[in-house]
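Work through the exercises below with the model open in a viewer. Try each task before reading its solution.

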Amino acid sequence: QVQLVESGGGLVQAGGSLRLSCAASGRTFSSYAMGWFRQAPGKEREFVAAISRTGIRTNYADSVKGRFTISRDNAKNIMYLQMNSLKPEDTAVYYCAPGTTTTGPWDNYWGQGTQVTVSE
């Protein structure tokens, strides 16, 4: 079992930046891929980005390509999501989850999420 704690969210104006963190414990962090997901009010949870166990391979949703960068530090058991050029449509609760590869499948372990709000 793995425990996940997301942090780093907040309120930012359109065009601004935020860096999210996902701290993991309970399993060997470097043994699994990691992904970021988000859920906006009234919408289903959607895939945002993923990174392989070693960090060599990444995968992004088309909506965030060129703006978001995913990374991980296996020595610290932390994954990051650098979000630049934020848009109001990026507003959502962001979650992280472990998985098998950068395209899933994803384990059904979720943290409490971190709220990102982007104003006009």
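**Exercise 1. The S4–S5 pair**

How many bridges join S4 to strand S5 (residues 46–51), and in which sense do the two strands run?

Solution. This is a predicted model.

Step 1. Count the bridges. Five of them join S4 to S5, and the strands run antiparallel.

Step 2. Glycine 35 faces alanine 50 of S5 across the pair. Tryptophan 36 stands opposite alanine 49, also in S5.

Step 3. Look at the turn. The hairpin of S4 and S5 has six residues between its strands. Glycine 42 in this hairpin takes a positive phi near 75°.

**Exercise 2. Placing S4 in its sheet**

Find the order of the strands in the open sheet, then name its edge strands.

Solution. 

Step 1. Read off the order. The open sheet has six strands, arranged S2-S10-S9-S4-S5-S6, and its pairing is mixed.

Step 2. Find the edges. Strand S2 (10–13) and strand S6 (58–60) each pair on one side only.

Step 3. From one strand to the next, it averages 25°.

Step 4. Turn to the other partner of S4. S4 and S9 pair over seven bridges in the antiparallel sense. Within this pair, methionine 34 stands opposite proline 98 of S9.

Step 5. Recall the general rule. Sheet strands pair through backbone hydrogen bonds, in a parallel or an antiparallel way.

Step 6. Judge the burial of S4. The strand covers residues 33–39, and six of its seven residues are buried. The rest of the structure therefore largely encloses S4.

**Exercise 3. A buried arginine**

Is arginine 38 buried or exposed? Which side chains make polar contacts with the side chain of arginine 38?

Solution. 

Step 1. Locate the residue. Arginine 38 sits in strand S4.

Step 2. Apply the cut-off. Buried means under 20% relative accessible area. Arginine 38 has 6%, so it counts as buried.

Step 3. List the polar partners. The side chain of glutamate 46 makes a polar contact with that of arginine 38 at 2.6 Å. The side chain of tyrosine 94 makes another, at 2.9 Å.

Step 4. Widen the view. Leave out residues up to four places away in sequence. Arginine 38 then touches residues including Glu44, Val48, Phe68, Asp90 and Val93. Glu46 and Tyr94 are also among them.

**Exercise 4. Around alanine 50**

What is the relative accessibility of alanine 50, and which residues are in contact with it?

Solution. 

Step 1. Locate alanine 50. It belongs to strand S5.

Step 2. Read the accessibility. At 0%, alanine 50 counts as buried.

Step 3. Collect the contacts, leaving aside neighbours within four places in sequence. They are Met34, Gly35, Arg57, Thr58, Asn59, Ile70, Thr102 and Trp106.

Step 4. The C-alpha atoms of alanine 50 and isoleucine 70 are separated by 6.9 Å. Along the chain, these two residues are 20 residues apart.

**Exercise 5. The disulfide**

Which cysteines form a disulfide, and which strands hold them?

Solution. 

Step 1. Count. The structure holds one disulfide.

Step 2. Identify the pair. Cysteine 22 and cysteine 96 form the bond, with their sulfur atoms 2.0 Å apart.

Step 3. Cysteine 22 lies in strand S3 (residues 18–25) and cysteine 96 in strand S9 (residues 92–99), so the bond ties together parts 74 residues apart in sequence.

Step 4. Assign the handedness. The angle about the S-S bond is 70°, and the link of cysteine 22 and cysteine 96 is right-handed.

Step 5. Check the surroundings. Cysteine 22 is buried, as is cysteine 96.

**Exercise 6. Backbone exceptions in loops**

Where does the cis peptide bond lie? What phi values do asparagine 77 and serine 85 take?

Solution. 

Step 1. Check omega. The peptide bond from glycine 104 to proline 105 is cis, with omega near -5°. Proline 105 is in the loop between S9 and strand S10 (114–119).

Step 2. Take asparagine 77. Its phi is positive, about 60°, although it is not a glycine. Asparagine 77 lies between strand S7 (68–73) and strand S8 (78–83), in a loop. With 26% relative accessibility, asparagine 77 is partly exposed.

Step 3. Take serine 85. Its phi is also positive, near 50°. Serine 85 lies in the loop between S8 and S9. Its relative accessible area is 40%, so serine 85 is partly exposed.

Notes
Residues are numbered from 1 along each chain as its sequence is written. This is a predicted model: local features need pLDDT of at least 70, side-chain atom pairs count only at pLDDT 80 or more; totals for chains, interfaces and linings use all residues. Side-chain values use heavy atoms; hydrogens and water are left out. A disulfide is a pair of cysteine sulfur atoms within 2.5 Å. Helices (H or I, at least four residues) and strands (E, at least two) are DSSP runs, numbered from the N terminus. Buried means under 20% relative accessible area, exposed over 50%, partly exposed in between (1.4 Å probe, protein chains only). Two strands pair if DSSP finds at least two bridges between them. A polar contact is a pair of N or O atoms within 3.5 Å; within protein, one must be able to donate a hydrogen and the other to accept it, and residues adjacent in sequence count only if both atoms are side-chain atoms. Contact means heavy atoms within 4.5 Å. Axes are lines fitted to C-alpha atoms, for helices over the stretch in contact, and angles run from 0 to 180 degrees between N-to-C directions.
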